[in-house]
Amino acid sequence: SAGATGAWNTPVSAFQSASVTCGDTVQFYTGTWVTNNDGTNSVIDGGFTITTNTSTCAGNPILYKAANNQTPELRNCPLGSTSWAQCARPTLNLGDKSHIVIDGFKIVGVLWNSPATPSGYNGTINTLRKGIVIRNNEITVGWALAGNGDWAGVQISWTDSPWLINNYVHDITPDGLTGSGAQAAVSCFKFHASYQYLTEFNTCRNVSTANPVGGSLAGGFDDRQDANNGVLRYNWCQNVDTCIRVQNSAPLLFTCASGGQAYGNIMIARASSTKPGIKIDASPVCDYTFYNNTVVNFHTCLNVTPTPGNEQVDGVQWYNNICSGILNRNVLSFATTTADIDKEDYNAYSSAADYQTSTGTQTSLTSYLAAIPARNIHSGEVNCLFISSTNFHLQGGSPCKAGQSSTGRVGGEVGGST
């Protein structure tokens, strides 16, 4: 803190200090602080809102962090609150700011930035917010407006190249707060109108809602709208209904949300899952690549375009993935007029699950190959032999190891990445 330890006695004074300048580090010590600030508009300036000027901090961000071995806790309502009205605001709100690093907090509620378009925005990427880094935080419960449908632990909007790394987001649910309303897409992480985000080495556990709109889409990572060229990699996603959802139902920035990648992620369903591990949902989505993911115990492994002929999904690449313990369908794709999946090969599928295309249900990989020739030539229905039900490393001799069989992880094409 500026001057000496204890220069600010509340998070509000630290987050709104005019004496903090580019390159400064503001350290927080162990303590619990509760905000009751509803602002002029709670989603814009409610909660602990950062108002310090960061406009000239490109390449020299302001770092707000927990001091060594300290656990500062920020809450949007008191411990034991049971109604949404008590928590009617975000917790830590980056507002309209760029060039900020948030490191090491415990946040009860949500960490987000303003869902409104940035000041100075002219419809181009270079006028989005920039330089946002979210790292090493623990976030629980989540938040959204009552009945909004977008409950999340972290929500990033209108931002170019945000980096989210090594966060532990868990037990995200509105169910303990009466009056929270129906929430369709409860998620650990949610992205709106964001470009080139990098989300890596995060853990998402225990996401649920008992009061969804049209069926729960509760999950880990919700690429909600206009999130373009994002990367989801090396994340652990457990006890969720859907781990990754890509949706672009109302494009604002891009005609077609494209260029996204998801690789090296572990996805584990909640008990008795009725949802897909990965879902591409609503148009238009283009050129999204999934590889080297492990998808375990979901109802469906990959679901592309849920309504026959009603979506615009093109250029999905799906290779080197493991679909293990899938309850119903390995791949579900209803597209009829677009080349929804361009590349599909080197995947390990569950023998107990089938495949669904626009032409009907294929009960085996052989019949699936006949329905869509030239795809899955090297895929197989195999048991990948995990170390255990909780350790998803592969045993020696696993058919899913490179060099053991053509199903092994040798890349989407011969000589591809390992």
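Modeller: Contact means heavy atoms within 4.5 Å. This is a predicted model in which local features need pLDDT of at least 70 and side-chain atom pairs count only at pLDDT 80 or more, while totals for chains, interfaces and linings use all residues. Residues are numbered from 1 along each chain as its sequence is written, and side-chain values use heavy atoms, with hydrogens and water left out.

Biologist: With which residues is Ser 180 in contact, leaving aside its neighbours within four places in sequence?

Modeller: Ser 180 lies in the loop between strand E16 (168-172) and strand E17 (187-192); strands (E, at least two residues) and helices (H or I, at least four) are DSSP runs, numbered from the N terminus. Ser 180 has a relative accessible area of 6% and therefore counts as buried, the classes being buried under 20%, exposed over 50% and partly exposed in between (1.4 Å probe, protein chains only). Beyond neighbours within four places in sequence, its contacts are Trp 84, Leu 145, Ala 146, Gly 147, Trp 151 and Pro 174.

Biologist: What is the average pLDDT of the chain?

Modeller: pLDDT is the predictor's confidence in each residue, from 0 to 100. A score of at least 70 is reached by 87% of the residues, and the chain average is a pLDDT of 87. Over residues 408-418, however, the pLDDT is below 50, and the contacts of this stretch beyond near neighbours in sequence number 38.

Biologist: What is the strand order of the open sheet of eleven strands?

Modeller: The chain has three helices and 40 strands; two strands pair if DSSP finds at least two bridges between them. The pairing is parallel, and the order is E1-E4-E7-E11-E15-E18-E21-E25-E29-E33-E36.

Biologist: Which residue of E11 stands opposite Ile 102?

Modeller: E1 pairs in the parallel sense with strand E4 (residues 62-66) over four bridges, and there Val 26 stands opposite Tyr 64. E4 is joined in parallel to E7 by four bridges, with Ile 102 as the bridge partner of Tyr 64. From strand E7 (residues 100-103), Ile 100 and Ile 102 point one way, Val 101 and Asp 103 the other, and all are buried. Four bridges also join E7 in parallel to strand E11 (residues 132-135), where the residue opposite Ile 102 is Ile 134.

Biologist: How many residues has the largest nonpolar core?

Modeller: A nonpolar core is a set of buried Ala, Val, Leu, Ile, Met, Phe, Trp, Tyr and Cys residues joined through side-chain atoms within 4.5 Å. In the largest one, Tyr 64, Leu 92, Ile 102, Ile 244, Phe 290 and Trp 318 have the most contacts inside the core. A second, separate core of nine residues includes Ile 266, Ile 268, Val 296 and Cys 384. The number of residues in the largest core is 79.

Biologist: Is Gly 46 buried or exposed?

Modeller: Gly 46 lies in the loop between helix H2 (42-45) and strand E3 (48-49). Leaving aside neighbours within four places in sequence, Gly 46 is in contact with residues including Asn 37, Asp 38, Pro 90 and Asn 93. Because its relative accessibility is 0%, Gly 46 counts as buried.
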